[in-house]
Amino acid sequence: MKLFYIVLGCISLGVGAVGAVLPLLPAFPFLMLAAFCFARSNEKLHTWFIHTQLYQKNLASFVHGKGMTKQAKIRVLTAITLTMGIGFLMMGRVPVGRIVLAVVWVLHVIYFAFGVRTISPEEHNVVLDSLNSDSDAAA
């Protein structure tokens with residue numbers, strides 16, 4: 001089972017890294033999946049992953065329950081909007097599909113606007129500092 005998590009985590013990390021660069025592919029859910037898989041599979045992989053800039057920039061404060069910076073929320077919502085917008089346009093002859101996509105998009109916007117706390121960059125840096133100090137103490 002550990003091998004399955006390692007393989008799935010590596011694939012998710014790869015797709016998430018591509019998604020961090022391409023605006024059409026969302027990085028956030030794939031990086032969350034990678035974090036989950038690495039935590040379940042191998043402590044060294046998990047430790048390495050949580051110290052990558054990709055993780056710290058996109059997930060660290062959210063995973064630790066603090067929230068997301070305004071910039072991170074905008075990145076996530078932009079990727080979601082672009083991805084769902086393409087799907088919406090491609091479903092020109094499927095009105096039910098368009099309605100479903102529109103409802104899901106609205107729910108995403110509501111969740112990120114009101115369900116996820118917006119934190120300042122300084123608070124995000126505090127989370128990163130605590131991550132780094134925890135790893136220093138473990139070493």
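**Entry 1: the chain as a whole**

I began with the contacts (heavy atoms within 4.5 Å): of those with a separation of 6 or more in the chain, 64% are between residues 24 or more positions apart. I kept in mind that this is a predicted model, where local features need pLDDT of at least 70, side-chain atom pairs count only at pLDDT 80 or more, and totals for chains, interfaces and linings use all residues. My numbering runs from 1 along each chain as its sequence is written, and side-chain values use heavy atoms, with hydrogens and water left out.

Next I looked up the secondary structure, taken as DSSP runs numbered from the N terminus, with helices being H or I of at least four residues and strands being E of at least two. I found eight helices and two strands in the chain. Along the sequence I read the pattern α-α-α-α-α-β-α-α-β-α.

For the extent, I noted that the C-alpha trace spans about 60 × 35 × 20 Å along its principal axes. I then asked what share of the 139 residues is buried. Buried residues come to 32%; the label means under 20% relative accessible area, with exposed over 50% and partly exposed in between, using a 1.4 Å probe and protein chains only.

**Entry 2**

A reminder to myself: two packed helices are described by the angle between their axes and the distance between the axes. Here the axes are lines fitted to C-alpha atoms, for helices over the stretch in contact, and angles run from 0 to 180 degrees between N-to-C directions.

I looked up helix α1 (residues 2-21) and helix α2 (residues 28-41), and their axes lie 8 Å apart at an angle of about 155°. The pair is therefore roughly antiparallel; that label needs an angle over 145 degrees, while under 35 is roughly parallel, 65 to 115 roughly perpendicular and the rest oblique. The crossing of α1 and α2 is left-handed, a term for the near helix being turned anticlockwise from the far one by less than a right angle, with clockwise giving right-handed.

On the α1 side of the contact I listed residues including Tyr5, Ile6, Leu8, Gly9 and Cys10, and on the α2 side residues including Phe30, Leu31, Leu33, Ala34 and Cys37. By class, I have 14 nonpolar, four polar and two charged residues in this contact. For the classes, Ala, Val, Leu, Ile, Met, Phe, Trp, Tyr, Cys and Pro count as nonpolar, Asp, Glu, Lys and Arg as charged, and the others, Gly among them, as polar.

I also checked the loop between α1 and α2, where Ala27 lies. Ala27 counts as buried at 10% relative accessibility. Leaving aside neighbours within four places in sequence, Ala27 is in contact with Gly16, Gly19 and Ala20. Ala27 and Ala17 are ten residues apart along the chain, and I have their C-alpha atoms separated by 6.6 Å.

**Entry 3: a closer look at α2**

I looked up the length of α2: 14 residues, reaching 20 Å from first C-alpha to last, close to the 20 Å expected at 1.5 Å a residue. The expected span is 1.5 Å times one less than the number of residues.

Which residues of α2 are buried? They are Phe28, Leu31, Ala34, Ala35, Cys37, Phe38 and Ser41. I see these residues pack against α1, α3 (43-50), α4 (53-58), α5 (60-63), β1 (68-69) and α6 (70-90).

I picked out two of them. Cys37, in helix α2, is buried with a relative accessible area of 0%. Beyond its neighbours within four places in sequence, Cys37 is in contact with Tyr5, Leu8 and Gly9. Ser41 in helix α2 counts as buried at 7% relative accessibility. Not counting residues up to four places away in sequence, Ser41 touches Lys2, Tyr5 and Ile6.

**Entry 4: two other helix pairs**

I moved on to α2 and α3, whose axes come within 6 Å and cross at roughly 145°. This crossing is left-handed. The contact is made by Leu31, Ala34, Ala35, Phe38, Ala39 and Ser41 of α2 with Glu43, Leu45, His46, Trp48 and Phe49 of α3. I count its residues by class as eight nonpolar, two polar and one charged.

Last, I looked up α6 and helix α7 (residues 95-115): the axes come within 10 Å and cross at roughly 175°. These two helices are therefore roughly antiparallel to each other. Their contact has twelve nonpolar, three polar and two charged residues.
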